[in-house]
Amino acid sequence: AFVYTMVLLPALLALLPLPAPRVGAISRGSFPMENLLVSTGTFAVRHPYRVLLPVGLIVVLGVLGAMQTRFSHNGLRWFPEDDRVRLDAAEIDERLGGSVSVEVIVDAREPGGLYDPVVLEAIDEFIRRVEPLPVAPLKIGKSLSMLDILKETHLALNENREEMRRIPSDRALVAQELLLFENSGSEDTEEFVDTEYRRARISMRVPFVDALFYPKLISDIRTLAEKRLRPHVDFEITGLMTLLAQIMDAVIDSMLRSYIFALCVITPMMMFLVGSLRRGLVAMVPNLLPVLAVLGTAGWLGIAFDSTTMMLGAMVIGIAVDDTIHFMHKFHRYFDELGDVEAAICETLRTTGSALLFTTLVLATGFSVFLLGELSNLRIFGGLAAMATIVAF
């Protein structure tokens, strides 16, 4: 876009037959909004405290609102309540015990290690104790492992007596029953254990809820596994639930780093542009206020930041800096020529203000299109982005 604007646009204007401007047309103003913009600048210069005090109050409210911001990520909540995606996911959670998996991979450290009844009893004890761990809205709906196959086989070989639904106490018997099950033609064991009977997986199902509930459950599972499994086997926790939890941690961490990085890069650039340390620092103030406005509005309205809305901060800084650079570039030029703050500001608003105004209207209107979307995260994103562009202006 920058290259096209700097190269293609001048070439097109050179070919376009533009009429010569009338004498005095530029001095009277070429846009109808110029007088209003100039009046705004004059008011701000002559009555600075009438601007700064309300802005200070807004900053306080923004900070208080920002302190109430929270993070959340539940992709199903983005869909309307009657949408088939949301309804079907809820049905899967209800009937199948959950649509999100958490997998515990165990390694017995040697081939055939999973034939050892002591190891199998430790895994069985872990499964029994892990099922009561979750707290609402989380629950472990169903857990599957090679132990289910082994217990069912042992039950079938002992006249289906319910007390025989257990792990055989003899290593050789464990190996024989598993071999017998494999020879029956079933391939179910391949889903839960490798051919060497060294590595196996415990698959647990949990409902699809806010991803921020998952880290606590993963931590509890890891603590229990360290206590029950580690003396006998090595383990690793994986699965979709782990992935969602790690994604949210990474998103939150990268959001904070992107804000800090943007400020550390933009502030020196602003100082370099205006050629003054003081003016550069002053110019950064309006660049931070739109971000604070977004955070404060979200906090007061109870809007949680997710993977979509977290992008707003860095994006808003870019939009605000764009306005500031245009303003400060012209102001710096006119102030050096005129030597008067009010005159420089009025001339800046007269020449650049209209361009900033229409740019803001275009951006706000473009982002507002997202308000017509069905997904709630897009509507929130569009509304906050449109508001931020107006605040930046």
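Colleague: How many of the 14 residues of α1 are buried?
Modeller: Zero, so α1 lies largely in the open. Keep in mind that this is a predicted model.

Colleague: And what does α1 span, first C-alpha to last?
Modeller: It covers residues 2-15 and reaches 20 Å. That is close to the 20 Å expected at 1.5 Å a residue.

Colleague: Where is the kink in α1?
Modeller: At Leu8, shortly before the proline Pro10. The kink is about 30°.

Colleague: Switching to the surface. Which residues form the nonpolar patch?
Modeller: Leu57, Val60, Leu61, Val63, Leu64, Met67 and Trp300. Together they have about 700 Å² of accessible area.

Colleague: Which helix gives the largest share?
Modeller: Helix α4, residues 48-66, with five residues of the patch.

Colleague: Where is Trp300 found, then?
Modeller: In helix α11, which runs over residues 277-301.

Colleague: On to strands. Which residues of β4 are on the covered face, and which on the uncovered one?
Modeller: Phe235 and Ile237 are on the covered face. Asp234, Glu236 and Thr238 make up the uncovered one.

Colleague: What's behind that pattern in general?
Modeller: In a regular strand, side chains alternate between the two faces of the sheet.

Colleague: How do β1 and β4 run, and how many bridges join them?
Modeller: They run antiparallel, joined by five bridges. In one of the pairings, Ile105 has Glu236 in β4 as its bridge partner.

Conventions
Residues numbered from 1 in each chain as written. Predicted model: local features only at pLDDT ≥ 70, side-chain atom pairs only at ≥ 80, totals over all residues. Heavy atoms only, no water. Helix = DSSP H or I, 4+ residues; strand = E, 2+ residues; numbered from the N terminus. Expected span 1.5 Å × (residues − 1). Bend = angle between axes of the 7 residues up to and from the residue. Buried < 20%, exposed > 50% of the residue type's maximum accessible area, 1.4 Å probe, protein only. Patch = residues over 30% accessible without salt bridge, like charges linked within 9 Å, V, L, I, M, F, W, Y side chains within 5 Å. Areas by Shrake-Rupley, 256 points an atom, 1.4 Å probe, with all protein chains shown as cover. Salt bridge = Lys/Arg side-chain N within 4 Å of Asp/Glu carboxyl O. Pairing = 2+ DSSP bridges.
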